[in-house]
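User: Hey, I'm new to this one. Can you walk me through it?

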Amino acid sequence: MLRVSHSSLMSPDRMKPRDASLTKLPDVKRVMLFGFNIQSKGPTTQTMEDMKPLLQLVFYFMEKLRRFRLSKEAKSKADKNRLRVEEAFLKTTHAARAEAAAARREEKKRQEKERILLEDDPDKQRKWEDREMKRQIKKKAPKMKQLKVKAL
């Protein structure tokens, strides 16, 4: 069995980032993998001789790929696929950054609340709670535009 794969032909779901903190697309290495299933118990001279044409096939493919050029249609299709992969990557990293920013904001609010509640001044605590309540009400209120109407 001969199995050949090339890394630039990978589907977008296989290119998902392992580390969510990455901000740019990882570098793609040009790789060609050959896998041979050999029906043998161990390395013998006969097995090595039988593998010689397969090894020559590997070098033949390497030489062919060096001179291989894609047609305009194939090149445009590959470029579209690369663009699609890049957009998917940017979406995932954007979501991860937004999530991290929300977590930081939440942590900052929690620390401020703890700091205010640890203070001995009940007046400060009450004022902070009033401000926080006003913010919550403002967030929940629907946003409406005000129209100025001239009186006739």
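Predicted model: local features only at pLDDT ≥ 70, side-chain atom pairs only at ≥ 80, totals over all residues.

User: OK, new topic. How many helices and strands are there in the protein chain?

Analyst: Three helices and two strands. Reading from the N terminus, the order is β-β-α-α-α.

User: At what angle do α2 and α3 pack?

Analyst: About 150°, with the axes 9 Å apart. Here α2 covers residues 72-118 and α3 covers residues 122-140. Angles over 145 degrees count as roughly antiparallel, so that is how α2 runs relative to α3.

User: Which residues make that contact?

Analyst: On the α2 side you have Lys109, Glu112, Lys113, Ile116 and Leu117. From α3 come Lys124, Gln125, Trp128, Glu129 and Lys139.

User: How does the contact of α2 with α3 split by class?

Analyst: Six of the residues are charged, three are nonpolar and one is polar.

User: Switching to the whole chain, what share of the residues is buried?

Analyst: Buried residues are 9% of the 152 in the protein chain. The chain exposes about 14,700 Å², and carbon and sulfur atoms supply 57% of that area.

User: Last one: among contacts between residues at least 6 apart in sequence, what share joins residues at least 24 apart?

Analyst: That share is 70% in the protein chain.

Conventions:
Residues numbered from 1 in each chain as written. Heavy atoms only, no water. Axes fitted to C-alpha atoms, helices over the stretch in contact; angles between N-to-C directions. Helix = DSSP H or I, 4+ residues; strand = E, 2+ residues; numbered from the N terminus. Parallel < 35°, antiparallel > 145°, perpendicular 65-115°, else oblique. Contact = heavy atoms within 4.5 Å. Nonpolar A, V, L, I, M, F, W, Y, C, P; charged D, E, K, R; others polar. Buried < 20%, exposed > 50% of the residue type's maximum accessible area, 1.4 Å probe, protein only. Areas by Shrake-Rupley, 256 points an atom, 1.4 Å probe, with all protein chains shown as cover.
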